[in-house]
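This report describes the fold of one protein chain, from its overall make-up to individual positions. Please consult the sequence and the model shown here while reading.

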Amino acid sequence: MKPEDGHVAPPVAVVFAPIEGDAVALRTLLEGEGVAVRACSDAKCLYACLDEQAWCAIVTEEGLDRCSLEGLDASLRRQPAWSNLPILTLAGSAGEQVDSNRFSRLARIGNITLIGRPTSREVLLMAIRSALRTRRLQFDMRDQWRALEQHADALESAVKERTLSLEREVNERRRVERALSEARRLESLGRLTGGVAHDFNNILQVISGSETLLRMLLAKETNDRVGRALDAIRRASGHGAALTQQLLAYARRQPLNNVALDLPRYLHASAELLSGAVGADIEMRLRIPPGLWPVSVDPAQLDAALLNVATNARDAMAGRGMLVLEADNVRLPDPLLPQGGDLSGEYVCITLTDDGEGMSEKTARQAFEPFFTTKSVGKGTGLGLSQVYGFASQSHGTAFIRREQQGATIGILLPRSSEQVQVVQDSASASQLHALKGVRILCVEDDPVVAETTASLLSVLDAEITVVDSADAAFAADFTNIDLVLSDVMMPGSTDGIGLVHWLASHHPGIPVVLASGYMVDPGRLETLQVQFLRKPYTLEALANAMALALAGRDGRTS
């Protein structure tokens, strides 16, 4: 029998015929059918050859006499589950009685076919061909079995991979949902704190303005108790103003006066300031590499951020230790700086590292939230680090906390600036107060107490004040007698202070404007305006300086 396609090796028959004539006759018959013969010389060899590669086995009566049922049974049991090897037994010889009991016992241990002798060549060939066909079907079943096993393995692998993929997708979705929920929560908190800061800043504006007005009215009278009381009011209003600035920085509702800053020069100056703030028992180290890129930031807000981090580190070190101020250029994303998150591009990373008590993982997760603090009552407001985070975010960067083996690192990532570095100018002196004498000012303020206080201050400076309570009311004013407009930003009515600026640019382009606000929903709206801006609460000196700059700009345009 010729091997069929799909079977590389030809059929193999195991033959155990101790009588040489039987062995030769069987070999001739099998090879004529294209079947290879594996001849066995003894029972041990037969047991070994009854394996998966054999197609059938032919054993004569003489061979069976040399085998044991136990040996054959053990050999056949080693076969795989799909295998049922056909065994042809040539029993008896002419005139001999066949032991049917013996063959019935043998049949119970395997697929054994009994052929009595003498038999014709055709009968033996038919039996051999039948055995080979049976074995071929078994091989086909084996191949299908193995294919099914491979498919099952592939399916199991695919299911496992898909399960892992689903787990990753679920985990990613949960992470995004948590991040979105956190962002919404922080946004809501930012709106709440911004609204509180707006109202509080108006109150502080009245307090600080009234304190300034009282000093001016009582300037000729010497009274130490009154002076100390006014000093206490000034300190308290200044502290309150700092707190509201931190709230607004966290809420990202505070306009930033950004300039391109020369960081090496700035950080060297800041290191001296921070060293004085943290105390002599804390060693201050500065690590600034050459070629540090400039950044576009509000220097006052960066000052506040670094000071907040430094004082937080001082408290973590209990007033004694080492504080390292470091800066470096980074290109994000950077696997060495995973805290960069989704940022990409060129940034400068400013870090302050202390060797204090450090933070737990839970504390580090909450440290940037406003009002969160681990300090005892009266020791901290919980607004310092929230200002750092808000300032960095509004400056198109981010802030991060990295837990160290000892202590903690708080970093600020700020985008590189392509603008020319500017020198930060100091605030104008109080001598500019006299420049407002006779200036006709339209004050647009919806809070009547703030309007009254501001009008009183400017009246003391001999300015002429007209007060209206909304932009809508300002539209109806007689601008032929107005030199300058001082307007709040957040006001009720059909438009706000920024809308008023656009209206003035169209109808009275020669009139300069100073905007003031304690809270803005969208500080970016200020970026394209050619106006002076004041943060509430502002001092009389800051107000006079802004107005003088606005008037100087007008005179420059009209000359």
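The secondary structure of the protein chain consists of 15 helices and 17 strands; helices (H or I, at least four residues) and strands (E, at least two) are DSSP runs, numbered from the N terminus. The model is predicted: local features need pLDDT of at least 70, side-chain atom pairs count only at pLDDT 80 or more, and totals for chains, interfaces and linings use all residues. Residues are numbered from 1 along each chain as its sequence is written, and side-chain values use heavy atoms, with hydrogens and water left out.

Of the 559 residues in the protein chain, 43% are buried, where buried means under 20% relative accessible area, exposed over 50%, and partly exposed in between (1.4 Å probe, protein chains only). The accessible surface of the protein chain is about 29400 Å², and 52% of that surface belongs to carbon and sulfur atoms; the areas come from the Shrake-Rupley method with a 1.4 Å probe. A contact means heavy atoms within 4.5 Å. Among contacts in the protein chain between residues at least 6 apart in sequence, 76% join residues at least 24 apart.

Two strands pair if DSSP finds at least two bridges between them. Angles run from 0 to 180 degrees between N-to-C directions of axes, which are lines fitted to C-alpha atoms, for helices over the stretch in contact. The table lists two open sheets.

| Strand order | Number of strands | Pairing |
|---|---|---|
| β2-β1-β3-β4-β5 | five | parallel |
| β14-β13-β15-β16-β17 | five | parallel |

In the sheet with the order β2-β1-β3-β4-β5, the edge strands β2 (36-39) and β5 (111-116) each pair on one side only. Its neighbouring strands are turned by 25° against each other on average, direction ignored. Within this sheet, β3 (residues 56-60) and β4 (residues 86-91) run parallel and are joined by four bridges; Thr60 has Leu90 of β4 as its bridge partner.

β13 (residues 440-444) pairs with β15 (residues 484-488) over four bridges in the parallel sense, and Leu442 has Val485 of β15 as its bridge partner. Helix α12 (residues 448-460) packs on this sheet, where α12 touches β13, β14 and β15 and makes about 170° with the direction of β14.

Asp488 lies in strand β15 and is buried, with a relative accessible area of 2%. An unreviewed UniProt entry places the feature "modified residue: 4-aspartylphosphate" at Asp488; such annotations may be inferred rather than shown by experiment. Leaving aside residues up to four places away in sequence, Asp488 touches Val444, Glu445, Asp446, Gly497, Leu515, Ala516, Ser517 and Lys536.

Pro492 is in the loop between β15 and α14 (497-507) and is partly exposed, with a relative accessible area of 48%. With residues up to four places away in sequence not counted, Pro492 touches Asp446 and Ser470. Pro492 and Glu445 are 47 residues apart in sequence, and their C-alpha atoms are 10.0 Å apart in space.

**Helix α9**

Helix α9 (residues 299-316) has 18 residues and reaches 26 Å from its first C-alpha to its last, close to the 26 Å expected at 1.5 Å a residue. The buried residues of α9 include Leu302, Ala305, Leu306, Val309 and Ala313. Ala318, which follows α9, has a positive phi near 55°.

Technical notes: Expected span 1.5 Å × (residues − 1).
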